[in-house]
Amino acid sequence: MGISQYIKEIGRGARGAKPLTREQATDLFGQVLDGGVTDLEIGAFCLAMRIKGETFDEMCGFLDATHQRLALLPATDRPLIVLPSYNGARKLPVLTPLLALLLARKGLPVLLHGMRTEARRILASDVLLALDVPALTAPEKIANGTVRHIHTQHLHEGLARLLSVREVVGLRNPGHSVVKLMNPCAGPSVVVTAYTHPEYFAMLQTTFSTLGMTALLSRGLEGEVATDPRRTPRYDGFVRGTHAVLESQQPGTASEVPGLPAEIDVATTAVYTRRVLAGELPIPPAIERQVEHILRLADQTVSETSP
């Protein structure tokens with residue numbers, strides 16, 4: 001065993017590296033998750049992939065290995081809305097908690113999963129705790145109209161360990177892409193995800209289609225899945241892998257969002273979220289549109305799975 005034979009293929013630089021097959025990627029990533037390789041091999045894997053970049057076959061293989069090992073949440077009564085949250089806020093308040101709570105208000109079960117991968121960002125999970133939304137310590141069924149959040153280690157310790165490599169080498173690795181695409185639910189779900197760099201779009205689109213996933217894909221804000229409240233991005237929907245453009249990108253960026261605070265700390269963001277939910281401040285129109293698209297995909301998921 002060991003992954004040295006794979007490192008030889010992917011570690012020859014941006015031009016000399018060879019892509020792995022889906023089966024090879026599954027084997028490689030499975031060994032990494034299982035902790036059966038050395039720290040030196042893991043570091044070499046992370047750096048080699050950072051230079052080479054993932055193909056859609058490799059990403060499918062990484063996800064295959066992950067889905068074979070995840071501790072899954074039980075199926076929910078309505079499709080579970082899955083919100084990965086790993087970046088947090090750096091310039092604008094993190095609105096992923098607001099998105100989650102707006103979806104729950106529509107009667108959907110919502111799961112936010114994540115962990116800290118950068119030291120100086122405000123995490124969505126911390127805002128949820130400030131809003132008295134409890135964290136799970138193990139996967140459990142989420143009721144309709146409820147938001148819960150869970151640390152990645154409770155889904156798979158090896159995956160959390162791989163993400164923590166960033167604290168040592170200072171660079172993201174394939175684990176950061178995997179957690180934004182994975183589906184930790186045993187039943188129907190809608191995975192809400194986002195990309196920052198346009199060059200990832202084609203790879204993500206092909207991955208969702210190949211794996212037959214139901215998902216909403218758009219440009220995110222600072223790596224979070226909640227949309228930038230100042231603009232309307234393009235939304236791409238996938239229902240069991242079938243792709244459709246739900247909305248085209250709208251030109252322009254709003255100079256301000258009514259009520260959105262300039263501060264990004266946990267307490268300020270929690271107060272803002274509470275006031276929006278109470279109707280004291282308006283819901284950012286861009287967030288409202290995102291909620292509508294997610295609801296539509298959840299309804300389509302139900303109709304696709306109904307006898």
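Helices (H or I, at least four residues) and strands (E, at least two) are DSSP runs, numbered from the N terminus. The structure is a predicted model, in which local features need pLDDT of at least 70, side-chain atom pairs count only at pLDDT 80 or more, and totals for chains, interfaces and linings use all residues. Residues are numbered from 1 along each chain as its sequence is written, and side-chain values use heavy atoms, with hydrogens and water left out.

The protein chain contains 13 helices and eight strands. Helix H4 covers residues 39-52, and its 14 residues should span 20 Å at 1.5 Å a residue. The expected span is 1.5 Å times one less than the number of residues in the helix. The end C-alpha atoms of H4 are 20 Å apart, which agrees. H4 is followed by Gly53, which has a positive phi near 85 degrees.

Burial is judged from relative accessible area: buried means under 20%, exposed over 50%, and partly exposed in between (1.4 Å probe, protein chains only). In H4 the buried residues are Glu41, Ile42, Gly43, Phe45, Cys46, Ala48, Met49 and Lys52. Their cover includes helix H1 (4-10), helix H3 (22-34), helix H5 (56-67), helix H8 (157-163) and helix H10 (174-181). Contact here means heavy atoms within 4.5 Å.

Helix H6 spans residues 96-105, and nine of its 10 residues are buried, so H6 is largely enclosed by the rest of the structure. The buried residues of H6 are Thr96, Pro97, Leu98, Leu99, Ala100, Leu101, Leu102, Leu103 and Ala104. Just after H6 comes Gly107, with a positive phi of about 90 degrees.

Most residues other than glycine have a negative phi, and most peptide bonds are trans. Glu222, a residue other than glycine, has a positive phi near 55 degrees. Glu222 is placed in the loop between strand E6 (215-219) and strand E7 (235-239), and is buried with a relative accessible area of 18%. Arg240 is not a glycine either, yet has a positive phi of about 50 degrees. Arg240 sits in the loop between E7 and strand E8 (242-247). Its relative accessibility of 49% makes Arg240 partly exposed.

Arg12 is in the loop between H1 and helix H2 (13-16), and counts as exposed at 54% relative accessibility. Arg12 and Ile51 are 39 residues apart in sequence, with their C-alpha atoms 9.3 Å apart. Gly16 belongs to helix H2 and is partly exposed at 35% relative accessibility. From Gly16 to Lys52 there are 36 residues along the chain, and their C-alpha atoms are separated by 9.0 Å. Lys52 is one of the buried residues of H4.

Gln24 lies in helix H3 and is partly exposed, at 31% relative accessibility. Gln24 and Phe62 are 38 residues apart in sequence and 9.3 Å apart in space, C-alpha to C-alpha. Gln250 is placed in the loop between E8 and helix H12 (266-277). With a relative accessible area of 38%, Gln250 is partly exposed. Gln250 and Leu281 are 31 residues apart in sequence, and 24 Å separates their C-alpha atoms.

For the chain as a whole, the C-alpha trace spans about 60 × 50 × 40 Å along its principal axes. A compact globule of 307 residues would have a radius of gyration near 19 Å, and the protein chain has 19 Å, which agrees. The radius of gyration is taken over C-alpha atoms, and the globule rule is 2.2 Å times the number of residues to the power 0.38.

Of the 307 residues, 54% count as buried. Among contacts between residues at least 6 apart in sequence, 74% join residues at least 24 apart. The accessible surface of the protein chain comes to about 13200 Å², and carbon and sulfur atoms hold 50% of this area. Accessible areas come from the Shrake-Rupley method with a 1.4 Å probe; for residues, only the protein chains shown count as cover.

The chain has 31 positive and 31 negative charges, and their mean positions are 3 Å apart. Lys and Arg count as positive and Asp and Glu as negative, while His and the chain ends are not counted. The place of a charge is taken as NZ of Lys, CZ of Arg, CG of Asp or CD of Glu.
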